[in-house]
Amino acid sequence: MKIAVCINYVPDTASKIKLTDDNRIDENGLSYVINPFDEFAIEEALKTKEKFGGEIFAISAGNDAKKEGIKKALAMGVDNGILLKYDGYMDPFNIADNLAAQIKTLGSNIVFFGRQSVDYDNGITGLLTAELLNYNCISIVTKLDIQGNEVTAEREIEGGKEVVKSTLPIVITTQKGLNEPRYATLKGIMASKKKVIEEINITSVSNLVENVSYKLPKVKNPGRILGSDASAVNELVKLLRDEAKII
Amino acid sequence: MNSKILVILEQRENKIKKSSLETIEAAKLFASRLNYNFEALVIGNGIENLDILQNTGLSTLTEYKNSDLELYSPSAYKKIIVEHFNKLSGEIILFANTSFGKDLAPRIAASLKAGCITDCTNFDFSDGNIICSKPIFAGKAISELKVNSPLKVFTIRTNVFKIVPAECKLDIITEHFEAPDLTTKVIEINKQDSKLDVAEADIIISGGRGLKSPENFALVEKLAQAFGAAVGASRAVVDAGWRPHSEQVGQTGKTVSPSLYIACGISGAIQHLAGMSSSKYIVAINKDADAPIFSVADYGITGDVFEILPVLTEQINKLKQ
Ligand SMILES: Cc1cc2nc3c(=O)[nH]c(=O)nc-3n(C[C@H](O)[C@H](O)[C@H](O)COP(=O)(O)OP(=O)(O)OC[C@H]3O[C@@H](n4cnc5c(N)ncnc54)[C@H](O)[C@@H]3O)c2cc1C
């Protein structure tokens, strides 16, 4: 069995985002990490392999920097890494199209994605890839059970969980709660250094969605400190009623 | 005239959700700026609260009905919506950015080869283009985007579009839908204990490590009860196992924009601020006057949560009597 896990390498969540003079995201000084939701995808791929055997392929699309993310996945225990290489902007549809082609070539019928990249926050690449492959898909998954061809999963919804049934082939997008991602061991890190990341140049078709410009959110004026003990509560309640008109 | 805009309403237990009414507001904006008609579609098994759609500005609703369709089935819902939209020769589909809309919108976009933008907070219409704003990096920046394809799918962030009544007669067409494709299907919903979810609440009371122990969250819960609010949490207390993950607010939890957000014993780490700083009013209660949470708070009390929360709860309860 070939298991695919599609990962992204994104600015650390602790990053402050700044814009360049021409209103693009200023990438200077940003440090990068594996997209936090993709760690759950990698962990679930490893667990799936432990259960059924097989081989795991981590796939990332983008520039050379994404190789660092793939290396981290290899260090966690993933078997192979593939970089779908391009420079510049591709919209999620474009990325999904290329990922789908690669997954088809590999012939993997279980595919994991993080539920969302915490950079552009689209949350659609996994679902688009599934549709383009004509695979089933369950998104935002917090519990997964695969028995033969049958898949049962829990997905997070507002106010609870949905229990979803489907079948292979399937794309699962992973949410916190699904598992506890393991740390890379020293042995894993050493072994990963010997692995070769396959590089495949991809080409972009026209983007369906295009960024026009970026902005920073309005900075709030510093608010009022009403006091340092319970005597400030009267004032707070008054403001919530008269100014904020919430009560 | 055929509707060019289709709004997908969402039901839970055959009741249409409030976020769907906000999506109708977005459709009204599109319709007026583009001079298009809009209509709505809902899939379920006999909607019980159709009256909430009266005088929203919606004039046509198609209800697809089948006993297997009360619970969500991505495979079935996708086919119904795509077929309906093709019959209309529509151009734009709108969803609320809920777990339902987030799941369904990209599937439909893929079937239609339509550009898809999720979590939209604003639309500008200039020179015949639709420019959509969407928070990225969990709100640390805003991306302004344009869809190049003729067909477009958007999901609308909840709690952003205000519901404005508009006198209007509503026609409802009921279609009994036979033999849906149930390849992927929800078989049951496990509800969480707390009634209100942070993602849908108008008021959120959040607690952090400053509460010191899981038991002390009773203080937060009581205040939430007084306000009729949802309980939220920082990642620190979720990771510690004090609170369920569904309550986590922030970059790797839920992004929220309620009318009021009260942060109790939360320091305001950048990942937390990212998820809640677009709330309309923010109150911070924290012992440490230098805590970053105060930089986004409209009102702050630099004091002890154990002293302040009971007094605040009592006063709110009194006011509500
Ligand atoms: C990849 C990644 C993703 C993350 N995602 C998120 C996320 O989505 N959401 C999130 O919240 N965090 C997230 N974090 C964690 C974040 O960096 C912080 O660690 C976390 O938000 C801190 O939680 P806290 O404010 O409850 O705890 P602390 O930072 O420990 O703050 C506790 C606060 O309570 C105050 N306090 C203590 N006692 C009292 C008292 N008696 N009365 C009043 N105040 C008191 C203290 O002054 C302090 O400010 C993420 C981190 C990483 C690395």
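**A tour of the model**

Modeller: Chain A has six helices and 13 strands; helices (H or I, at least four residues) and strands (E, at least two) are DSSP runs, numbered from the N terminus. This is a predicted model, in which local features need pLDDT of at least 70 and side-chain atom pairs count only at pLDDT 80 or more, while totals for chains, interfaces and linings use all residues. Residues are numbered from 1 along each chain as its sequence is written, chains are lettered from A and ligands numbered from 1 in the order in which they are written, and side-chain values use heavy atoms, with hydrogens and water left out.

Biologist: Thanks! How much of chain A is buried?
Modeller: Of its 247 residues, 55% count as buried. Buried means under 20% relative accessible area, exposed over 50%, and partly exposed in between (1.4 Å probe, protein chains only).

Biologist: And what box do the C-alpha atoms of chain A fill?
Modeller: Roughly 65 × 45 × 40 Å, taken along the principal axes.

Biologist: Let's look at a helix. Why is H4 of chain A largely enclosed?
Modeller: Helix H4 (residues 125-133) of chain A has seven of its nine residues buried, so it is largely enclosed by the rest of the structure. The buried residues are Gly126(A), Leu127(A), Leu128(A), Thr129(A), Ala130(A), Glu131(A) and Leu133(A).

Biologist: What covers them?
Modeller: The cover includes helix H3 (92-106), strand S6 (110-114), strand S7 (136-147) and strand S10 (170-174) of chain A, along with helix H2 (74-88) and helix H3 (99-112) of chain B. Just after H4(A), Asn134(A) has a positive phi of about 60°.

Biologist: Which residues of chain A lose the most area to chain B?
Modeller: Glu158(A), Lys176(A) and Lys220(A), which together make up 11% of what that side buries.

Biologist: New topic: the ligand. Which residues are closest?
Modeller: 27 residues surround the ligand, and the closest are Ser234(B), Thr252(B), Ser267(B), His272(B) and Asn286(B). A residue is near a molecule if one of its heavy atoms lies within 4 Å of it. The surrounding residues come from chains A and B, so the site is shared between chains.

Biologist: What kinds of residue are in that shell?
Modeller: Six are nonpolar, 15 polar and six charged. Ala, Val, Leu, Ile, Met, Phe, Trp, Tyr, Cys and Pro count as nonpolar, Asp, Glu, Lys and Arg as charged, and the others, Gly among them, as polar.

Biologist: Which helices of chain B supply residues?
Modeller: Helix H5 (235-239), helix H6 (270-276) and helix H7 (305-320) of chain B each supply at least two residues of the shell.

Biologist: What does an oxygen atom of the ligand have around it?
Modeller: One ligand oxygen atom is 2.7 Å from an N or O atom in the side chain of Gln271(B). A ligand nitrogen atom is 2.9 Å from a polar backbone atom of Val305(B).

Technical notes
Contact means heavy atoms within 4.5 Å. A polar contact is a pair of N or O atoms within 3.5 Å; within protein, one must be able to donate a hydrogen and the other to accept it, and residues adjacent in sequence count only if both atoms are side-chain atoms. Buried area is the accessible area (1.4 Å probe) that two parts lose on being put together, summed over both.
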